[in-house]
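Good morning, colleagues. Please take a moment to look at the sequence and the model on the screen.

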Amino acid sequence: TALPIYVIVEWMEIVGGAENYRDYALEAHKLVDKVISDAFRCFESLQNEEVEEKSRKTVSIPTISWPLSGEFSRSAGENAIDEFLRTWEKGENWKYCIDFLGQEEEKYRYRVTWSIPTRRKPIPRATASVYFTIYVHKVPGKPVSVYYVFETNRLVHRPGQSRFKEKWLRDVIDCKVDTLETLDF
């Protein structure tokens, strides 16, 4: 923001006139430019270090060999999803069931319903769903394309491109439980 004129006039009187004011202003601009350029250099070096660190820590994301288009069937899709879900790192208390939702041309849709049943509450208060879409290509011998989304989320995941986090399921269930607690029946 610009300084009011009376502040500039008072400043010029204190420093001894317009010439001194220009000298101070020039020095101030040089100082600010140096600080900004140093900050950019520091940021770039941190960014480069982060990229190098990430390349050193190549994390393998578990996946499976999905069926080929020519050999795909409804049950082959269920079996492949089951095999893929077993690669997810999660607590042993999580249970799931796979439901076939239907087929539209080359797209097969499945829902995986997750819950944490306990001895005291075998029927959980809330569940979390993951929706899978398997696209079977018309060209036989080509692997199927697989996409999945978590209930309440828009982000589309692909096997081998994102690492599963148990927190995603917990967040869906916690949100549902919180909503149920606010409702009066």
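This is a predicted model: local features need pLDDT of at least 70, side-chain atom pairs count only at pLDDT 80 or more; totals for chains, interfaces and linings use all residues.

Residues are numbered from 1 along each chain as its sequence is written, and side-chain values use heavy atoms, with hydrogens and water left out.

The largest nonpolar core has 29 residues. Such a core is a set of buried Ala, Val, Leu, Ile, Met, Phe, Trp, Tyr and Cys residues joined through side-chain atoms within 4.5 Å; buried means under 20% relative accessible area, exposed over 50%, and partly exposed in between, with a 1.4 Å probe and protein chains only. Among the residues with the most contacts inside this core are Trp66, Ile81 and Phe132. Leaving aside neighbours within four places in sequence, Ile81 is in contact (heavy atoms within 4.5 Å) with Trp66, Ile98, Tyr110, Val112, Phe132 and Ile134.

What lines the largest pocket? Its lining includes Trp94, Lys121, Arg125, Arg170 and Asp174. By class, the lining residues are six nonpolar, one polar and four charged, where Ala, Val, Leu, Ile, Met, Phe, Trp, Tyr, Cys and Pro count as nonpolar, Asp, Glu, Lys and Arg as charged, and the others, Gly among them, as polar. A pocket here is an open set of points on a 1 Å grid over the protein atoms alone, where a 1.4 Å probe fits, with protein on both sides within 12 Å along at least five of seven lines; lining residues have an atom within 4 Å of a point.

Finally, Glu105 has a positive phi near 55 degrees and is exposed, at 70% relative accessible area. Thr152 has a positive phi of about 75 degrees and is likewise exposed, at 66%.
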